[in-house]
Amino acid sequence: MNKLSLARSELILGGQRSGKSRRAERLAQGWLAQSTAHRAVLIATGQPWDDEMRERIARHQQDRSERVPGMSTVEEPLELAQAITAHGGAQTLVVVDCLTLWLSNWLMPAETSEKKEAAAQFPRAQAAMLLEAIEGCPGPLVLVGNEIGLGVIPLGREVRAFVDALGWLNQDVAQACERVTLMAAGLPLTLKGSP
């Protein structure tokens with residue numbers, strides 16, 4: 001991964017601690033180094049529901065600010081398509097980290113009737129808007145997500161439904177992206193497009 005090339009759109013998949021976010025950051029570093037006119041923005045989808053997640057988010061923010069000091073951050077847990085449209089531009093690289101948390105925010109919301117109603121709207125509206133935003137983004141776009149369908153079949157109905165939904169989402173986003181990269185042990189494997 002000495003010199004990374006940038007695709008118009010790239011989906012980076014992998015397991016936890018596989019190097020997905022690090023690859024996205026390296027792409028942003030390369031983009032920012034190409035021109036002083038270039039900007040990079042990270043759309044973060046994680047929400048601090050508990051102390052561990054608050055600590056994890058703070059650690060990611062600190063690490064990212066050290067590795068990619070020129071990248072700004074926008075927090076958007078739900079309205080991802082709108083955020084891509086609002087922050088994308090010909091001179092702006094948009095990094096979305098991550099699709100898995102975004103889907104979790106929609107399908108496994110806090111137990112309120114309002115959130116459950118929002119979750120029911122996900123499959124029809126949100127996925128279609130995301131795919132349109134990917135196609136319409138005028139600058140480079142990097143999307144990070146987890147590949148969680150390689151293990152055993154989960155026991156619970158809700159978890160099985162989530163794994164299925166994430167698998168379908170990953171397939172749809174992979175079709176919309178110019179390049180798809182699978183990360184394992186910090187190493188990239190190009191599944192679609194040129195490396």
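Let me start with Leu 11, which, once its neighbours within four places in sequence are set aside, is in contact with Leu 99, Leu 143, Asn 170, Val 173, Ala 174, Cys 177, Arg 179, Val 180 and Thr 181, where contact means heavy atoms within 4.5 Å. Before I go on, please keep in mind that this is a predicted model, in which local features need pLDDT of at least 70 and side-chain atom pairs count only at pLDDT 80 or more, while totals for chains, interfaces and linings use all residues. Residues are numbered from 1 along each chain as its sequence is written, and side-chain values use heavy atoms, with hydrogens and water left out.

Leu 11 belongs to the largest nonpolar core, which has 29 residues, and Leu 11, Ile 84, Val 96, Leu 99, Leu 130, Leu 143 and Val 173 are the ones that touch the most other members. By a nonpolar core I mean a set of buried Ala, Val, Leu, Ile, Met, Phe, Trp, Tyr and Cys residues joined through side-chain atoms within 4.5 Å; buried is under 20% relative accessible area, exposed is over 50%, and partly exposed is in between, with a 1.4 Å probe and protein chains only. Two or more residues of this core come from each of strand E1 (9-14), strand E2 (39-44), helix H3 (80-87), strand E4 (92-97), helix H4 (99-107), helix H5 (113-136), strand E5 (141-146) and helix H6 (157-176), and H6 gives the most, with 6 residues. Another core, of 16 residues, lies apart from this one and has among its members Ala 24, Leu 27, Val 144 and Met 183.

Turning to the whole chain, we have 6 helices and 7 strands, which are DSSP runs numbered from the N terminus, helices being H or I with at least four residues and strands E with at least two. Read from the N terminus, the order is β-α-β-α-β-α-β-α-α-β-α-β-β. The radius of gyration is 16 Å, close to the 16 Å given by the globule rule for 195 residues, so the chain is as compact as a globular protein of that length; the radius is taken over C-alpha atoms, and the rule is 2.2 Å times the number of residues to the power 0.38. Buried residues make up 41% of the 195, and among contacts between residues at least 6 apart in sequence, 75% join residues at least 24 apart.

Now to the backbone, where most residues other than glycine have a negative phi, and most peptide bonds are trans. Which peptide bond here is cis? The bond from Asp 97 to Cys 98 is cis, with omega near 10 degrees, and Cys 98 sits in the loop between E4 and H4.

Two residues other than glycine have a positive phi to look at. Arg 17, with phi of about 60 degrees, lies in the loop between E1 and helix H1 (20-34) and is exposed, at a relative accessible area of 58%. Ala 185, with phi near 55 degrees, is in the loop between strand E6 (179-184) and strand E7 (187-192), and its relative accessibility of 73% makes it exposed as well.

Finally, Ser 5, in the segment before E1, is partly exposed, with a relative accessible area of 33%. Neighbours within four places in sequence aside, Ser 5 is in contact with Leu 27, Arg 179 and Pro 195.
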